Amino acid sequence: MVIKLIMTFWENVDEELKFRGMERKELGSKAEFPESYISKGISRKSCPQADLAVKIASVLGVSVEYLVTGENQSSIKKVEQEQAQLKLYRKYHELISKCEKLPERQVEFLGLVADRLEK
């Protein structure tokens, strides 16, 4: 049996702070809220108002979804992105294979040509 630990918004914020080596006070200052909100939020198992959640996520460089769920993106969205990437790879596989055999200078040149064609 697998038990998934569910963390609250503020616990996820706290974990992200530890990961980044950032202090609660610094986050509070940058996102304009008292650092005591974090410990209060953890003990109450609460979430902040949306505007504050957006500020916090922005300062930490993560999504609000990540802070709420602990996951970077919904599994459906992730599967859709992976399928889209696979479709592109299949479409351009032959071209990619040919480019991988070229010297770096020629690959850079092809990039410039593609930029010109795009305009």
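Let me start with the rings: Phe9, Trp10, Phe33 and Tyr37 are linked by ring pairs into a cluster. Rings of Phe, Tyr and Trp (for Trp, its six-membered ring) pair if their centres lie within 6.5 Å; planes under 30 degrees apart count as stacked, over 60 as edge-to-face and the rest as tilted.

Before going on, a word on the source. This is a predicted model, in which local features need pLDDT of at least 70 and side-chain atom pairs count only at pLDDT 80 or more, while totals for chains, interfaces and linings use all residues. Residues are numbered from 1 along each chain as its sequence is written, and side-chain values use heavy atoms, with hydrogens and water left out.

Now the overall picture. The chain has 7 helices and 0 strands, where helices (H or I, at least four residues) and strands (E, at least two) are DSSP runs, numbered from the N terminus. Along the sequence the pattern reads α-α-α-α-α-α-α. Of the 119 residues, 19% count as buried; buried means under 20% relative accessible area, exposed over 50%, and partly exposed in between, with a 1.4 Å probe and protein chains only. Taking the contacts in the chain with a separation of 6 or more, residues 24 or more positions apart account for 56% of them. Contact here means heavy atoms within 4.5 Å.

Back to the rings. A pair of aromatic rings is described by the distance of the centres and the angle of the planes. How many aromatic pairs does the structure hold? There are 3 aromatic pairs. One of them is Trp10 with Phe33, a tilted pair at 5.7 Å centre to centre, with 55 degrees between the planes. That pair links distant parts of the chain: Trp10 sits in helix α1 and Phe33 in the loop between α2 (24-31) and α3 (36-44), 23 residues apart. Phe33 also pairs with Tyr37; the ring centres are 5.8 Å apart and the planes are at 35 degrees, so this pair is tilted. As for burial, Trp10 has a relative accessible area of 2%, so Trp10 is buried. Phe33, with 7%, is buried, while Tyr37 is partly exposed at 39% relative accessibility.

Is Thr8 buried or exposed? Thr8 counts as buried because its relative accessibility is 12%. Leaving aside neighbours within four places in sequence, Thr8 is in contact with Lys45 and Leu67.

Next, a helix pair. Two packed helices are described by the angle between their axes and the distance between the axes. Helices α2 and α4 pack at an angle of about 120 degrees, with their axes 9 Å apart. Axes are lines fitted to C-alpha atoms, for helices over the stretch in contact, and angles run from 0 to 180 degrees between N-to-C directions. So α2 is oblique to α4; under 35 degrees counts as roughly parallel, over 145 as roughly antiparallel, 65 to 115 as roughly perpendicular and the rest as oblique.

On the α2 side, Leu27, Lys30 and Ala31 meet Leu52, Lys55, Ile56, Val59 and Leu60 in α4.

Last, Val59, which lies in helix α4 (residues 50-60). Val59 is partly exposed, at 27% relative accessibility. Apart from neighbours within four places in sequence, Val59 is in contact with Met22, Leu27, Lys30 and Ala31.
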